[in-house]
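Here's a quick briefing to read alongside the model. Have the viewer open, and let's start with the ligand and what surrounds it.

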Amino acid sequence: MTSRPLAGQNASNDPDRRCHVVIVGGGTAGWMSAATLKRRIGCRVTVVESARLPPIGVGEATIPAMVDWIENMGIDEDEFVRRTGATYKLAIRFDDWVEPTHRYWHPFGICGCPIDGVDLIHAWRRAVREGAVSADSRYTDYSFQRELCQHGCAPRRPGSPSMARNYAFHLDAGKLAEFLKDVAMNEGVRHQIAEVTGAELDENGNIDSLHLEGQPALEADLYVDCTGFASVLIERVMRSSWVDWSDQLICDRAVTLRLPGQDDTNATAGSDRETRRLPPYTISTGMNAGWSWQIPLAENTGCGYVYSSRHIDDETARRELISLVGADPQTTQSKIVPMRIGMRPRSWVGNCVALGLSSGFVEPLESTGIFLVQRALDELVECLPEATPSTFHSAFFDHELFNARMTDVYTQVRDFLLMHYVVSRRRDTPFWVNATSVELPESLSMLLDEYVTSGRVRLPERDPTFAEANHHFILGPAGIHPGTAASRQLADVAMPADAVANLLHGIQSRHLDICESLPTHSVLIDSIHSSASAG
Ligand code: FAD
C-alpha cells in the first residue's frame with residue numbers, strides 16, 4: 001500500500017518546489033482560505049477576484065472557533081477588534097421564539113461545571129424538584145456568560161485575557177474582508193483582479209486552467225471555489241450537485257440594514273444606560289415570517305430579517321424590521337439578500353474544492369457561516385498531501401474523507417438550527433404553523449427521542465459542532481427536558497440535597513463577584529479603540 005504524504009509534513013520554502021493553489025473569490029471565504037493555506041501548507045497561493053461582483057457583505061457574528069483561528073494565525077486580539085469594528089459576543093438572546101413575549105438565552109460554554117462528568121442540568125433539575133432552589137430559576141442562571149450579558153459586562157479587563165473561556169465576536173463584514181485580505185497579503189498571497197469565465201478540463205475531468213476575461217489562462221494544482229452562491233467552478237464546471245434543504249429550513253431571503261447607535265432598547269427593565277449600551281450578545285427575535293438579528297458593532301448595529309418569501313414580500317419584511325428596531329423608514333438604506341439553503345455532498349471533486357457559500361449554506365441563526373469555512377479548511381489541510389510537485393495532485397487528494405466529514409458537519413448544523421423551530425410553540429402566523437411542522441430528518445428525530453427518554457444527547461464521536469449544553473439551552477426553555485436515566489447517575493453520587501443547593505448558590509455568587517470586578521463591555525471596546533489612537 002502506498003502511504004499518502006501529508007500536508008505540512010515537509011512544507012517546502014523553495015519557490016521552484018512549491019505548488020500552486022488558485023482561489024477564485026475575494027469574500028470572507030476566499031481571503032480566509034488564502035491566509036490559512038499559505039501558512040499551513042506553504043504553497044504558492046493566488047486569489048482571483050472579480051471587480052464587478054462584490055462579496056455578499058453579510059456575516060457579522062461568529063462562534064468561539066474564530067478565537068482559535070486568530071490565535072493560530074498569530075493575530076493580536078486587540079488589533080483584530082480594532083480593525084474589524086468588532087465587539088464581544090457571549091450569547092444569543094432569543095426573544096419571541098418559543099411564544100410571543102417569551103425570552104431565553106443561548107450562552108457560549110457550559111453552566112457551572114459537570115459533577116462526576118454529568119452536566120449540571122441534572123443537579124439543577126433535582127434541586128428544583130426537591131425545592132432546594134426556586135421553581136422559577138433557570139438552568140442558564142448558572143452560566144457565567146449569561147451573567148456577564150445580564151450585567152452588560154466585558155469578558156475581560158483591558159490588557160488581560162478573557163475570564164470566560166468561551167467567547168466570540170460580532171464584526172463588521174466589510175472590515176473583516178479587508179482585514180483578512182491584509183493578513184493573506186502579508187503571508188505572501190498574490191492577488192489578481194479578473195473575472196473567471198470558464199475552465200479547460202484535462203482528460204481525467206480535472207481543471208487544467210481557468211479562462212479569465214481579457215487575460216491569459218491561469219494554471220494551478222488545486223482550484224478553490226470561493227465564488228459564493230454563484231459557484232462558478234464547482235457547479236458550472238465540475239457539475240457537483242446541490243442538495244436542497246429548503247423544505248426543512250423554509251426561510252429563503254433576508255433584508256439587512258445598519259442602525260446608528262448600539263443600545264439594547266429592549267433590555268431587562270431597570271437596567272441602567274451603561275448596561276444597555278453595546279450589549280455583549282446578539283438579539284434574535286421571532287418575527288411574523290421568520291426571525292431578525294440585531295448585532296452591536298463598534299460603530300453601529302447590524303440588523304437583518306431572515307424570512308420566507310412564501311409568507312411575506314420584501315417590502316413588508318423591510319417595514320416589519322424597521323419598525324422592530326426603530327429605524328427611520330425614510331432614510332434607512334436596506335439590502336435584500338436571496339439565500340440558497342442546502343449543501344453539496346461532494347464539495348471536492350478532482351482538483352476543485354468549494355469552500356464557503358459555494359459549498360453550502362444554512363440560515364445564520366447560530367452564526368455558523370464563517371465557522372463552516374474554518375472547519376472546511378481544517379479538514380482540507382488534513383486531506384491534502386505534502387506540497388511538492390510529485391505529490392500535490394488529485395491522485396493523492398483525499399476527497400472522499402473530506403466530503404464525508406463536511407457532509408456530517410453540515411448535517412449537524414442543519415439539525416441544530418431546525419431544532420429551534422420545531423420546539424417552538426408559536427402557531428400565530430402561517431409561517432410559524434409551517435416552520436414548526438416540517439418533516440424531521442431521522443437524525444434529529446432520533447436525537448430528540450433519546451433526549452426525552454434517557455436524557456442523553458447523542459453527539460458525533462469526532463469534533464461535534466454543538467456540545468451537550470447547547471442542546472439543553474435550546475430545548476429546556478421550550479419545556480423539553482432530559483429524561484431521567486442520566487440524572488440517576490447523579491443520584492448515585494449521593495450528594496445530599498442541601499449540598500446540591502449550596503453548590504448552585506456558590507456558582508451564582510462566584511459569577512456575581514467576578515461581574516463586579518469587570519468593566520462594562522462598552523468601556524472595554526472604547527479602551528481598545530483609544531489605545532490605538534494613543535499609540
Ligand atoms: P461571497 O462573499 O459572496 O464572495 C464571493 C466572491 O467571489 C466575491 O469576491 C466575488 O467577486 C467572487 N466571484 C464571483 N464570481 C466570480 C467570477 N466569475 N470570477 C471571479 N470572482 C468571482 N456567517 C457568519 O459566520 N455569521 C453570520 O452572522 C452570518 N450572517 C449571514 C447572513 C446572511 C443573510 C447570509 C446570506 C449569510 C450570512 N453568513 C454569516 C454567511 C457569510 O456571509 C458567508 O459564509 C461568508 O461571507 C462567506 O461568503 P463567501 O466568501 O463564500 O462568498
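Helix 1 gives the largest share of the shell around the ligand, with 3 residues. Keep in mind that this is a predicted model. The ligand sits between two domains, because domain 1 (20-60 + 172-245 + 342-413) and domain 2 (252-338) both give residues to the shell around it.

**Around the ligand**

- Helix 1 covers residues 28-41, and along with strand 2 (44-49) and helix 9 (369-383) it is one of the elements that each supply at least two shell residues.
- There are 36 residues around the ligand, and the ones that come nearest are G27, G59, G228, G356 and G369.
- Which domains give residues to the shell? Domain 1 and domain 2 both do, so the ligand lies between them.

- Strand 9 spans residues 207-212 and pairs with strand 8 in the antiparallel sense, over 5 bridges.
- To find your way into that pairing, pick E200: its bridge partner in strand 9 is S209.

Key
Residues numbered from 1 in each chain as written. Predicted model: local features only at pLDDT ≥ 70, side-chain atom pairs only at ≥ 80, totals over all residues. Pairing = 2+ DSSP bridges. Helix = DSSP H or I, 4+ residues; strand = E, 2+ residues; numbered from the N terminus. Near = placed C-beta within 6 Å. Domains from an automatic or database assignment.
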